[in-house]
Amino acid sequence: MRITMIGTGYVGLVSGACFADFGHVVTCVDKDTSKIEKLNHGEIPIYEPGLERLVRNNVEAERLFFTTDSKAPIANADVVFIAVGTPSRRGDGHADLQYVYAVAEEIAACISGFTVIVTKSTVPVGTGDEIEAIIRKLRPDAEFEVVSNPEFLREGAAIKDFKIPDRIVVGTEDERAKEIMREVYRPLFLKESPIVFTSRRTSELIKYAGNAFLAVKITFINEMADLCEKVGANVQEVARGIGLDGRIGPKFLNAGPGYGGSCFPKDTKALSKTAQDYGAPVNIVDTVIRVNDARKKAMAHKIIAGLGGEVKGKRIAILGLAFKQNTDDMRDAPSLSILPILREAGADLIAFDPEAHHEAAKLLPGLALAETPWAAIEGADAMVIITEWDQFRALDLNRVKSSLKGRTVIDLRNIYRPEDMQKHGFDYISIGR
Ligand code: UDX
């Protein structure tokens, strides 16, 4: 089929490249000329494992194209996906839909022939109705259906999550649109990936409910970790013990410094706003937002306490800045809450992150960035692990011991075992153990 993807960010670029890999002909459109130029020269503007090869293969196969001009791609498309950003609006946390509505107007100007218009961006319940009204008003003559099709891609695992999804959710009650969406996802459909057809508003809410529930689950185990530290229990074993219950499941029970990223913080706030607007407040989600924000700051105080209550003039090596491993994304990363407090307390920070150094230079101006973990560790009073990059999991502990001036290692991701660290003579502090 001919697919046009509007927006080439984390969602649009991965989705467009994967649809092309299914055999569809995909044109990715973006206003950002430099981004499109890079993509046309095989440069990928984001870090996502496997994406560079996937894009290159499909560009070479002439199934994937990039352009800034949306007119022809929209006019010729069977399906137009809206995959532009819906960031949190300053202040009230509502999703900022200006980009979505601008694209809706662009689409209205160009569609010809029956066209399925799909919101892949995460949008508050009812946005599909708004998009339909905008297009209908501008083009009473046009034949189209607006469909919700949220994505469930985790950064760092986005291609895998797209190609082997737990489920595909499609929000429409129009039979023609259902048929076209079946055709779009046919390669997955054949792999028995369940496709859930539901109403548009239900589909929009499924996305928020899913992310909010995952944020609740993570925050729950994070609070269990704090309790474990007080009662002398081990949160990893609590997670294993409860996770073996089929009704709970073992995933997303890794205690850490709090969740970040481009989705959980934004989506929980947007859901809370929608719930307030409709008079059905989501009290649990509201609490999770507050607890998670406080946790990220509390981690800085945990580090200060771990260094005897005083970090003035102490050199602290920070390993990991991205909000999680396998991404360069630092949106709402715990490091953005932790490092300013440490710096305020007089610590001398030096950080290493394998992918997020460019973002970090923008978001944490003045932060000393090391080229390797060892350049950060050398001569530091303490080592603090914030992101669970695989390359931090097997550092030579003897070399760490001899490189560090001090003996304190603070591991906010529990990637080391307390017994190993004690054996090497470290003052080792971790989460919930
Ligand atoms: C999430 C959802 O998983 C995905 O389905 C949705 O489409 C987008 O948002 P993402 O934000 O990329 O994906 O990352 P994810 O792996 O879900 O982690 C989210 C946050 O939770 C990260 O900060 C991560 O460090 C944290 N986390 C995750 C934990 O602290 N513990 C866990 O066990 C899992």
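Tutor: Asp 129, Glu 132, Arg 200 and Arg 201 are joined in a network of salt bridges, a salt bridge being a side-chain nitrogen of Lys or Arg within 4 Å of a carboxyl oxygen of Asp or Glu. Side chains of opposite charge can pair when their charged atoms come close. The model is predicted, with local features requiring pLDDT of at least 70 and side-chain atom pairs counted only at pLDDT 80 or more, while totals for chains, interfaces and linings use all residues. Residues are numbered from 1 along each chain as its sequence is written, and side-chain values use heavy atoms, with hydrogens and water left out.

In total, the structure holds 29 salt bridges. One of them joins the side chains of Asp 161 and Arg 154, at 2.8 Å from N to O. Asp 161 is buried, at a relative accessible area of 11%, whereas Arg 154 is partly exposed, at 38%. Here buried means under 20% relative accessible area, exposed means over 50%, and partly exposed lies in between (1.4 Å probe, protein chains only).

Another salt bridge is formed by the side chains of Asp 427 and Arg 407, with an N to O distance of 3.1 Å. This pair links distant parts of the chain, 20 residues apart: Asp 427 belongs to strand E14 (residues 427-429), and Arg 407 sits in the loop between helix H17 (397-403) and strand E13 (408-411). Helices (H or I, at least four residues) and strands (E, at least two) are DSSP runs, numbered from the N terminus. Asp 427 counts as partly exposed, with 36% relative accessibility, and Arg 407 is also partly exposed, with a relative accessible area of 44%.

A further pair lies within one helix. Lys 423 and Asp 420 are both in helix H18 (residues 418-423), 3 residues apart, or about one turn of the helix. Their salt bridge has its closest N and O atoms 3.9 Å apart. Lys 423 is exposed, with a relative accessible area of 66%, while Asp 420 is partly exposed, at 23%.
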